[in-house]
Amino acid sequence: MRLSASRPGPVLGGLARALDRLWTLGSRARRAVRGLAVAGRFAARGDGFVFDPDGVYTYETIEVGRNVDLGHRPVLIAARSRIRIGDNVMFGPQVTIRGGNHRVDRVGVPMTAVGKQPGDEALDRGVTIGDDVWVGTRAVILHGVTVGRGAVVGAGAVVTRPVPPYAIVAGNPARVIRLRWPVATIAAHERALYPPGHRLTPAELATLADLAGVPSGAAPGPATNALTTGAHNR
């Protein structure tokens, strides 16, 4: 339907505004009811959890911490694996997280007909997002990825590998652009937010110091990837 750019008359304009208000109120009521109906289907959820009931979720495989906002119309799908989201996490609009994968190596069989075989568990890896993470608009995070605590995922990024804590990543595939702060500031931030047993270890901070010297656009190496499985994800 094409709308004329001409100004509507006062009667027609008033009627349109009244109908729009009714439509908006009805939509809000529907969303509120649906939200109440499906919130309990998540595998786990903490206090302060906000989600769009019109998003797409495999509820029973998604665990969400405290003070999490999943943004507008996200897609979070993990049929056999798990999507785990920490505390104090925020998403921009239309973020996609995809746990699991499909086999594409079978000869003589259409991909749509390939079923799961014993030993295919490696294709069904989940996604873990640490605390204090911001995921930008329309970012895509694929199976097997861990996003470290305090990281920022840029809008439109396609994340295929682990993201170090406090790193800013962007692009397709996503690359480390820089750290949010110098390592000394990261350590101070950790002391302000986390008890001693849950802070980054000296070894992990040292690895971040090495990462701070990575040229823009370079991929994190094995030592950097190891950060995403350390104490900061407990």
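Modeller: A cavity is a set of points, on a 1 Å grid over the protein atoms alone, where a 1.4 Å probe fits but cannot get out; lining residues have an atom within 4 Å of a point. This is a predicted model, in which local features need pLDDT of at least 70 and side-chain atom pairs pLDDT 80 or more, while totals for chains, interfaces and linings use all residues. Residues are numbered from 1 along each chain as its sequence is written, and side-chain values use heavy atoms, without hydrogens or water.

The count comes to one cavity of 30 Å³ or more. The largest cavity has a volume of about 40 Å³, a volume being the space filled by probe spheres set on the points, which are joined across faces, edges and corners. Its lining has 10 residues, and those nearest the centre are Arg161, Pro162, Val163, Val169 and Ala174. By class, eight residues of this lining are nonpolar, none is polar and two are charged. Here Ala, Val, Leu, Ile, Met, Phe, Trp, Tyr, Cys and Pro count as nonpolar, Asp, Glu, Lys and Arg as charged, and the others, Gly among them, as polar.

A cis peptide bond, with omega about -5 degrees, joins Asn172 and Pro173. Pro173 belongs to the loop between strand E14 (167-170) and strand E15 (175-179). Strands (E, at least two residues) and helices (H or I, at least four) are DSSP runs, numbered from the N terminus.

A pocket is an open set of points with protein on both sides within 12 Å along at least five of seven lines. Of its 13 lining residues, Arg80, Arg98, Asn101, His102 and Lys116 lie nearest the centre. The lining of this pocket has three nonpolar, five polar and five charged residues.

Elsewhere, the model has eight aromatic pairs. Rings of Phe, Tyr and Trp (its six-membered ring) pair if their centres lie within 6.5 Å, and planes under 30 degrees apart count as stacked, over 60 as edge-to-face and the rest as tilted. The ring centres of Phe42 and Tyr59 are 5.0 Å apart and the planes stand at 80 degrees, so this pair is edge-to-face. The pair links distant parts of the chain, 17 residues apart: Phe42 is in the loop between H1 and strand E1 (56-57), and Tyr59 in the loop between E1 and strand E2 (62-64). Both Phe42 and Tyr59 are buried, that is, under 20% relative accessible area, where over 50% is exposed and in between is partly exposed (1.4 Å probe, protein chains only). Phe51 and Tyr57 also form an edge-to-face pair, because their centres are 5.9 Å apart and their planes at 80 degrees. Phe51 and Tyr57 are buried as well. One aromatic cluster takes in Phe42, Phe49, Phe51, Tyr57 and Tyr59.

Two residues other than glycine have a positive phi. For Asn67, in the loop between E2 and strand E3 (68-69), phi is about 55 degrees. Asn67 has a relative accessible area of 39%, so it is partly exposed. For Asp132, phi is near 60 degrees, and this residue is in the loop between strand E8 (127-129) and strand E9 (134-135).
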